[in-house]
Amino acid sequence: MDPLVGAIDQGTSSTRFLVFNANTGEMLSQHQVEIKQIFPEEGWVEEDPREILKSVYDCVETTCDKLRQLNINISNIKAVGVTNQRETTVVWDKDTGEPLYNAIVWLDLRTQPTVERLISKAPGKDKNHLKNKTGLPISTYFSAVKLRWMLDNVEQVQRAVQSGRALFGTVDSWIIWCLTGGKYGGVHCTDVSNASRTMLFNIHSLQWDSELCRYFDVPINMLPNVCSSSEIYGHMTSGSLTGVPISGCLGDQSAALVGQKCLKEGQAKNTYGTGCFLLRNTGLKPVMSHHGLLTTVAYKLGKNSPACYALEGSVAIAGAVVQWLKDNMGIVQSSSEIESLAAAAGTSHGCYFVPAFSGLYAPYWEPSARGIICGLTQFTNRKHLAFAALEAVCFQTREILDAMNQDSGVPLTQLQVDGGMTSNRLLMQLQADILCMAIVRPIMSETTALGAAMAAGAAEGVDVWNLNLSQSGPVLTQTYSPQINLEESELRYARWKKAVQKSMNWETSSNGSEADQRRTWN
């Protein structure tokens with residue numbers, strides 16, 4: 001039997017465990033569990049770290065059971081990799097092993113007043129004040145301000161910090177610490193790709209930065225040890241995979257870059273999940289964007305391997321807009337229904353939907369923006385809204401692709417895509433039309449989990465996955481080519497840009513949120 005590698009894929013809306021053949025890259029089995037998002041107040045998004053951990057155990061055990069039913073010996077699983085929703089912030093007690101607060105999710109907006117205060121105090125009121133070290137603008141998106149909120153507002157966290165019991169981590173750190181023993185000697189670590197999303201990490205020295213920690217007033221001793229993305233961090237201590245090394249760790253977008261085999265400078269991929277993330281490999285040098293993109297550490301595939309960097313365009317709301325249409329508005333009964341509903345309209349009939357539920361991310365970084373639907377007439381119905389929602393995902397991708405082409409000076413000629421939404425054929429065709437370029441989707445679209453498995457299997461001491469062979473192997477793909485003319489595409493894009501402008505400067509902490517105003521009136 002060929003060696004196998006498992007991958008824990010802990011995303012914003014679900015957790016999965018997938019098992020791959022290390023020689024062929026074939027996915028043999030998987031299990032998925034949805035994660036409940038908690039919205040305690042307007043703009044707040046949380047998840048329960050205990051639920052996240054339970055979902056990981058459930059997925060691992062159920063997948064192992066499925067493999068046994070297929071007469072596959074699970075002792076052939078030689079390593080496990082972890083990939084995760086980035087930036088989402090967890091603080092827990094190292095003595096009890098219990099989280100001290102819910103995880104604050106990357107989409108959460110509660111830190112907007114903190115962000116505005118930091119920007120107002122920055123030289124020239126520049127949100128890019130820390131970009132030279134971090135590659136990031138000061139934003140609600142990143143972990144440092146979420147951690148700062150916990151330190152300021154959660155008494156349990158404050159007490160644990162004072163007594164030296166508090167540990168901070170992104171979701172990868174929480175999972176690895178728990179799986180490697182938790183309070184009984186669990187390994188407190190993260191990798192460079194996740195660390196680079198905290199605003200506490202120097203992307204040049206590849207270390208926690210004492211100046212940044214002082215700036216955010218974060219105790220450096222609560223931060224995890226930063227490792228490469230491919231090395232043995234520890235071993236599983238319970239369940240069917242007891243003793244198996246955990247040897248790969250990548251933030252989800254970095255994992256998708258590796259899984260799409262974009263390991264050479266200039267290669268790029270776009271992932272359509274809860275949000276939408278376009279990453280372009282820039283090689284061994286961090287490239288600073290002048291057009292609203294992030295500079296991030298893509299991966300470091302081994303202790304002694306160099307770090308590779310990427311330019312990233314981040315869109316907060318992609319698949320989340322479909323979930324909103326389903327859960328909040330009742331316009332569709334299931335996420336899969338949106339394709340047939342939108343196809344029945346065939347057009348948005350002049351309706352534009354800017355889903356700025358968490359402000360606007362790249363290329364604007366405008367937390368004051370809020371979602372708007374405009375261009376409505378008496379003729380507009382739910383089919384047009386469904387179409388406009390799918391178009392919104394494509395228009396947002398066009399904006400970050402334009403920015404990336406300007407930054408790199410070498411325009412992409414086709415776009416490699418992955419993620420859950422890419423199974424929507426109408427969306428993929430719309431994307432080809434709006435970008436006026438070919439969209440290439442791998443038939444095996446689980447590239448995020450595949451990237452984590454590749455990193456784990458290639459780690460020194462595991463050595464069951466050859467990344468060089470992975471890079472050259474053929475990948476079965478499906479291609480969507482543009483079917484509308486350039487003039488029509490540009491007209492639709494220009495109207496989208498007009499709608500985006502109308503969404504801005506809607507909400508600032510000075511005028512207060514609706515929830516704040518309600519509290520004042522009451």
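**Exercise 1.** Show why helix 4 and helix 5 count as roughly perpendicular to each other, and list the residues through which helix 4 and helix 5 meet.

*Solution.* The model is predicted: local features need pLDDT of at least 70, side-chain atom pairs count only at pLDDT 80 or more, and totals for chains, interfaces and linings use all residues. Residues are numbered from 1 along each chain as its sequence is written, and side-chain values use heavy atoms, with hydrogens and water left out.

Step 1. Locate the elements: helix 4 covers residues 143-153 and helix 5 covers residues 155-162. Helices (H or I, at least four residues) and strands (E, at least two) are DSSP runs, numbered from the N terminus.

Step 2. Take the angle: the two helices pack at about 90°, with their axes 6 Å apart. Axes are lines fitted to C-alpha atoms, for helices over the stretch in contact, and angles run from 0 to 180 degrees between N-to-C directions.

Step 3. Classify it. Angles under 35 degrees count as roughly parallel, over 145 as roughly antiparallel, 65 to 115 as roughly perpendicular and the rest as oblique. Helix 4 and helix 5 are therefore roughly perpendicular.

Step 4. List the contacts (heavy atoms within 4.5 Å). From helix 4, Met150, Leu151, Asp152 and Asn153 meet Glu155, Val157, Gln158 and Val161 of helix 5.

**Exercise 2.** Describe how helix 12 and helix 16 cross, and find the ring that Arg398 lies over.

*Solution.* Step 1. Helix 12 (residues 382-408) and helix 16 (residues 486-503) have axes that come within 10 Å and cross at roughly 90°. This pair is therefore roughly perpendicular too.

Step 1. Residues of helix 12 that take part in the meeting include Phe387, Phe395 and Arg398, while those of helix 16 include Tyr493, Trp496 and Val500.

Step 2. Arg398 lies over the face of Tyr493, at 3.9 Å from the ring centre. A charge sits over a ring if NZ of Lys or CZ of Arg is within 6 Å of the ring centre and within 35 degrees of the ring normal.

**Exercise 3.** Is strand 8 buried or exposed, and which strand is joined to strand 8 by five bridges?

*Solution.* Step 1. Buried means under 20% relative accessible area, exposed over 50% and partly exposed in between (1.4 Å probe, protein chains only). Five of the five residues of strand 8 (residues 166-170) are buried, so strand 8 is largely enclosed by the rest of the structure.

Step 1. In a regular strand the side chains alternate between the two faces of the sheet. Here Ala166, Phe168 and Thr170 point one way, and Leu167 and Gly169 point the other way.

Step 2. Strand 6 (residues 89-93) is joined to strand 8 by five bridges, and the two run antiparallel. Two strands pair if DSSP finds at least two bridges between them. Val90 stands opposite Gly169 in strand 8.

**Exercise 4.** Classify two aromatic pairs, Tyr141 with Phe142 and Phe201 with Trp208.

*Solution.* Step 1. Rings of Phe, Tyr and Trp (its six-membered ring) pair if their centres lie within 6.5 Å; planes under 30 degrees apart count as stacked, over 60 as edge-to-face and the rest as tilted. The structure holds 21 such pairs.

Step 1. Tyr141 and Phe142 are 4.7 Å apart centre to centre with 40° between the planes, a tilted pair. Both residues are buried.

Step 2. For Phe201 and Trp208 the centres are 5.7 Å apart and the planes stand at 80°, so this pair is edge-to-face. Phe201 and Trp208 are both buried.

Step 3. Tyr141 and Phe142 belong to one aromatic cluster with Trp106, Phe277, Tyr361 and Trp365. The charged end of Arg86 sits over the ring of Phe277, 5.3 Å from its centre.
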